[in-house]
Amino acid sequence: MKNSHDKMALENGQIIIYGKKGHAEVIGLTGQTMGEAIIVTDESDLDKIDYSRPATFFSQTTKSTEGFYAMKSLIEARFQDKGLLVVEECFEAHDSICRQVANREPRMKTFSQAHDLIIFVSGKKSSNGRALFNVCQTHNPNSYFIEDSTELDAAWFIEKSCVGICGATSTPMWLMEEVAEHISKLVDQPHAVA
């Protein structure tokens with residue numbers, strides 16, 4: 001990050017980070033740019049970028065790969081629309097997403113589509129948990145994010161025949177099994193843990 005910032009400073013360029021403002025990693029990355037990095041979370045943040053200046057694009061490691069590449073495409077399109085710079089010469093993107101999260105996204109998509117209901121178990125402050133839960137929720141709107149079995153609601157399981165239980169990369173298997181046991185006590189139905 002620091003080397004890219006130094007290079008961009010020589011070219012009157014800018015560093016863009018796809019991430020959550022206030023997240024510890026994003027704060028650290030921004031610190032390496034002397035606080036000059038532009039943080040983008042969604043499309044509305046792209047108005048902060050100066051498309052007449054070169055840019056280098058990074059990501060918070062726990063963000064979604066799909067989201068990163070979607071944002072990259074939007075930035076490239078805006079550079080092209082402005083027509084002031086040649087995209088290939090002025091815009092460089094570095095996929096700095098954690099592969100543990102990225103590699104689980106396709107499995108989460110398939111897993112969530114294969115079940116009537118998804119129970120996602122993770123700490124509420126976990127960034128990779130939030131990213132992976134968003135994948136589940138995108139592909140199965142009957143997805144619920146819980147930290148432990150006390151948050152389960154019997155109403156979620158009405159007319160649901162197949163429940164999938166999954167979690168963040170750091171969610172321990174014993175916790176997901178505990179949630180599965182609790183669900184079995186609430187309702188009598190098959191469930192899968194991933």
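**View 1. Val-40 and its contacts.** Setting aside neighbours within four places in sequence, Val-40 is in contact with Ile-16, Ile-17, Tyr-18, Gly-19, Asp-45, Leu-46, Ile-49, Phe-57 and Met-71. Contact here means heavy atoms within 4.5 Å. Before you explore further, note that this is a predicted model, where local features need pLDDT of at least 70 and side-chain atom pairs count only at pLDDT 80 or more, while totals for chains, interfaces and linings use all residues. Residues are numbered from 1 along each chain as its sequence is written, and side-chain values use heavy atoms, with hydrogens and water left out.

**View 2. The largest nonpolar core.** Val-40 returns here, as one of the residues with the most contacts inside a core of 18 residues. A nonpolar core is a set of buried Ala, Val, Leu, Ile, Met, Phe, Trp, Tyr and Cys residues joined through side-chain atoms within 4.5 Å; buried means under 20% relative accessible area, exposed over 50%, and partly exposed in between (1.4 Å probe, protein chains only). Two or more residues come from each of β1 (14–18), β2 (38–40), β3 (55–59), α3 (65–82) and α4 (87–90). Of these elements, α3 gives the most, with four residues. Helices (H or I, at least four residues) and strands (E, at least two) are DSSP runs, numbered from the N terminus. Another core, of 15 residues, lies apart from this one and includes Leu-117, Val-121, Val-163 and Leu-175.

**View 3. The largest pocket.** Its volume is about 470 Å³. Among the 22 lining residues, Lys-63, Ser-64, Arg-130, Ala-131 and Asn-134 are the closest to the centre. On a 1 Å grid over the protein atoms alone, a pocket is an open set of points where a 1.4 Å probe fits, with protein on both sides within 12 Å along at least five of seven lines; lining residues have an atom within 4 Å of a point. Grid points are joined across faces, edges and corners, and the volume is the space filled by probe spheres set on them. Helix α6 gives the most to the lining, with seven residues.

**View 4. Cysteines without a bond.** How many disulfides does the structure hold? Zero, where a disulfide is a pair of cysteine sulfur atoms within 2.5 Å. The sulfur of Cys-162 is too far for a bond, because the closest cysteine sulfur, in Cys-166, is 12 Å away. Cys-166 is in no disulfide either, and its nearest cysteine sulfur, that of Cys-136, is 3.9 Å away. Cys-166 sits in strand β7 (residues 163–167) and counts as buried because its relative accessibility is 0%.
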